[in-house]
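Here are my notes on the model you sent over. Have it open next to you while you go through the points.

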Amino acid sequence: MCRLEYNIILCGFMGCGKTTVGKILSRILKAPYVDMDKYIEDDCGMKVSEIFAKYGEGHFRELEREAAKKLSENQGMIISAGGGTLTFKENVEALSSSGRIVFIDTPVEDIIYRLRGDTTRPLLQCENREQVIKDLHKKRTPLYKAAATVYVDGSLPPKVVAKSIASIILRGKYNNKGC
Ligand code: S3P
């Protein structure tokens, strides 16, 4: 079996399906899976929500930048980025140099529905959650599109999304030897 020779980085808005799709894709391609938020949490022994509450968003973004750099040193992994990761130029540069960035493009209505009961995302713990999602989604979508070289439809079931990413990757071949 041929090993994936570069990383596949999944990007998109909170709730777009990065984690679920990433785990399925990792099984299909037999490549290790890393969730960037989990990686940061394990590294500093705190939940993302605790980091935001205790040290603020700026500090979280620094940890995220370090994580993006560190993870870019590896190869052959499926990486789910955080919803804000690929909105920063430095992170795009680091992660795109290590592999292919895939944008899971999920309609804002689906995102609002999926995140209706969420208590874990610090940016959404506010009265006007729906408006915050709409505004951020509008602002970030062009940034995700600019960062990615592959776009997939995130309104489809996660299995279908993962299979479609796998088929795009396999069509492009794992590496330049064609396997
Ligand atoms: C964030 C998204 C979260 C997490 C943090 C900030 C964002 O990740 O990194 O709460 O700025 O959109 P998910 O997209 O995995 O929820």
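1. Let's begin with the ligand, which has 13 residues around it; the closest are K18, D37, R61, R121 and R140. A residue counts as near a molecule or strand when one of its heavy atoms lies within 4 Å of it. Bear in mind that this is a predicted model: local features need pLDDT of at least 70, side-chain atom pairs count only at pLDDT 80 or more, and totals for chains, interfaces and linings use all residues. Residues are numbered from 1 along each chain as its sequence is written, and side-chain values use heavy atoms, with hydrogens and water left out.

2. Which side chains have a polar atom at 2.7 Å from a ligand oxygen? D37 has an N or O side-chain atom 2.7 Å from an oxygen of the ligand, and R121 places a polar side-chain atom 2.7 Å from a ligand oxygen. For K18, an N or O atom of the side chain is 2.8 Å from an oxygen of the ligand. Taken alone the ligand exposes 390 Å², and the protein buries 95% of that (areas by the Shrake-Rupley method with a 1.4 Å probe; for residues, only the protein chains shown count as cover).

3. R61 deserves a look of its own. This arginine is in helix α4 (helices are DSSP runs of H or I, at least four residues, and strands are runs of E, at least two, numbered from the N terminus). Is R61 buried or exposed? At 9% relative accessibility, R61 counts as buried; the cut-offs are under 20% relative accessible area for buried, over 50% for exposed and partly exposed in between, with a 1.4 Å probe and protein chains only. The side chains of R61 and E64 make a polar contact of 3.0 Å (a pair of N or O atoms within 3.5 Å; within protein, one must be able to donate a hydrogen and the other to accept it, and residues adjacent in sequence count only if both atoms are side-chain atoms). Leaving aside neighbours within four places in sequence, R61 is in contact with G84, T85, F88, L123 and R140, contact meaning heavy atoms within 4.5 Å.

4. Next, helix α2, residues 36-44, where M36, I40 and E41 are buried. These three sit on the same side of α2, because they cover an arc of only 140 degrees around the axis (the arc of the directions from the helix axis to the C-beta atoms). The buried residues of α2 pack against several elements, including β2 (33-35), α4 (57-71) and α5 (89-96). At the N-terminal end, D35 caps α2 through a side-chain oxygen 3.0 Å from the backbone nitrogen of D37. Just after α2, G45 has a positive phi of about 65 degrees.

5. On to the strands. β4 (residues 99-105) and β5 run parallel and are joined by four bridges, while β1 (residues 7-11) pairs with β4 in the parallel sense over five bridges; pairing requires at least two DSSP bridges between two strands. F103 stands opposite Y151 in β5, and F103 is also the bridge partner of C11. In β4, five of the seven residues are buried.

6. Last, I112, found in helix α6 (residues 108-114). I112 is buried, at 17% relative accessible area. Apart from neighbours within four places in sequence, I112 is in contact with E130, I133 and K134.
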